[in-house]
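The report below examines a predicted model. Please keep the sequence and the three-dimensional view at hand while reading.

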Amino acid sequence: MSESVLLDEGSTPLDLRFSDAELDRVHDHVTDFIAEQVDAAGAEGAVIGLSGGIDSTTVAHLAVDALGADGLRGLVMPGSVNTDENMSDAERVAEDVGIEYDVIEIEPVAEAFYDALPGAADDRMAESNVRVRVRAVLNYFAANADDRIVLGTGNRSEALTGYFTKYGDGAVDCNPIGTLYKQQVRQLAAHVGVPRDLVMKTPSAEMWRGQTDEEELGLDYDTLDAVLALHVDGPLSTAATVRALGVTEAQVARVEELYESSKHKRAMPPAPAELSL
Ligand SMILES: Nc1ncnc2c1ncn2[C@@H]1O[C@H](COP(=O)(O)OP(=O)(O)OC[C@H]2O[C@@H]([n+]3cccc(C(=O)O)c3)[C@H](O)[C@@H]2O)[C@@H](O)[C@H]1O
Ligand SMILES: Nc1ncnc2c1ncn2[C@@H]1O[C@H](COP(=O)(O)OP(=O)(O)OP(=O)(O)O)[C@@H](O)[C@H]1O
Ligand SMILES: [Mg+2]
């Protein structure tokens, strides 16, 4: 099946997909970026956490195109919430791209944190963010030990909505797909040969059982991407965005709220202005 047939399913409020020629250029731009980042760090290669989801799968394919299979090490890190299907997909991705990978059970590490601060894990988000941050520590443990950098898998849609854990999956050395909306990541995934079932998989952070990104965000990714592109990244007012996309004012307001409330995640931690003494 051709890529265009694969991705033509369903209708999107705004088509942000690249032409075939653009897609080749995006591929080369991103693989050059990965190679340059490793080179600039004077590192031997890169580390990536593999979840079986489309973002990490796409970055793994691009990184192997950039660095060769020896240049990338995968970490598959199941916790109590991850489904067996996702974890076996993550291993399948590592095998498909031919990289060495480790499978590390994170629950004992996370449990040590829960025991260290009794009661804090009663808050579901606090508990879930610990697992995400445990994975970040392990990524850096592997990177430090092997002289590698940590590849992020964050995309533009997640960055603009703050849909990541601060110093968790956001703790990385670079974000190769960080300028691409989710819709474009899906297209690039098909372009680099990611199997169809992974391209079409429902995005999930797997913070808790049954979680889906779209349910938690309150919008489907195609609508989110469209509002981000026209209103947050683009020049259109709320009213013009509503007219252009056929979305509701409430949907635009939701995107604005996500964007505004997550500004702190896109900035260096602030310090007071320098005092002249
Ligand atoms: N205005 C502000 N200025 C400075 N700092 C501020 C702040 N507001 C909160 N904070 C700090 O940020 C913390 C909250 O941020 P954070 O710890 O990230 O936690 P939070 O944003 O509450 O939760 C993480 C979100 O990202 C989603 N996520 C996580 C991981 C992976 C994925 C995925 O797509 O795979 C998605 C997750 O489902 C959830 O919606 C606060 O505890 C506080 O320390
Ligand atoms: N169980 C896991 N093992 C290893 N890495 C993980 C695991 N869960 C999450 N990660 C890392 O955290 C990143 C953020 O998760 P996220 O869900 O946004 O991406 P994804 O799973 O690759 O794609 P999707 O958003 O479509 O589910 C992943 O891309 C991966 O690098
Ligand atoms: Mg996921």
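A residue is counted as near a molecule if its C-beta atom, placed from the backbone, lies within 6 Å of it. Helices (H or I, at least four residues) and strands (E, at least two) are DSSP runs, numbered from the N terminus.

## Basis of the model

This is a predicted model, in which local features need pLDDT of at least 70 and side-chain atom pairs count only at pLDDT 80 or more, while totals for chains, interfaces and linings use all residues. Residues are numbered from 1 along each chain as its sequence is written, and chains are lettered from A and ligands numbered from 1 in the order in which they are written.

## The surroundings of ligand 1

Ligand 1 is surrounded by 15 residues, of which T165, K166, D169, A205 and H264 are the closest. At least two residues of this shell are supplied by each of α6 (124–146) and α10 (213–217); α6 gives the most, with three residues. The shell around ligand 1 comprises six nonpolar, four polar and five charged residues.

## Positions listed by UniProt

An unreviewed UniProt entry lists several residues under "binding site", including G49, G53, S56, T153, K182 and S204. UniProt positions are given in the numbering used here, feature names are shortened, and annotations may be inferred rather than shown by experiment.

K182 belongs to helix α8 (residues 182–191). K182 counts as buried because it has 25 C-beta neighbours inside 10 Å; the limits are 20 or more other C-beta atoms within 10 Å for buried, 12 or fewer for exposed, and partly exposed in between, with C-beta atoms placed from the backbone. Apart from neighbours within four places in sequence, K182 is in contact with N155, S157, Y221 and D225. Contact requires that the C-beta atoms of two residues, placed from the backbone, lie within 7 Å.

S204 is found in the loop between α9 (196–199) and α10. With 22 C-beta neighbours inside 10 Å, S204 is likewise classed as buried. When residues up to four places away in sequence are not counted, S204 touches G53, Q211, T212 and D213.

## Domains and their contact

The chain is divided into domain 1 (18–199) and domain 2 (218–265), with bounds from an automatic or database domain assignment. Their C-alpha centres lie 26 Å apart. Nine residues from domain 1 and 12 residues from domain 2 take part in the contact.

On the side of domain 1 that touches domain 2, α7 (156–161) and α8 each supply at least two residues. The largest share of that side, three residues, comes from α7.

## The largest nonpolar core

How many residues does the largest nonpolar core have? The core has 58 residues, and A46, I48, A60, A63, L151 and V227 have the most contacts inside it. Such a core is a set of buried Ala, Val, Leu, Ile, Met, Phe, Trp, Tyr and Cys residues joined through C-beta atoms within 7 Å.

The largest share of this core, eight residues, comes from α3, and each of domain 1 and domain 2 provides at least three residues. Leaving out residues up to four places away in sequence, A60 touches I48, L50, L72, G74, V93 and V97.

Definitions and conventions: Nonpolar A, V, L, I, M, F, W, Y, C, P; charged D, E, K, R; others polar.
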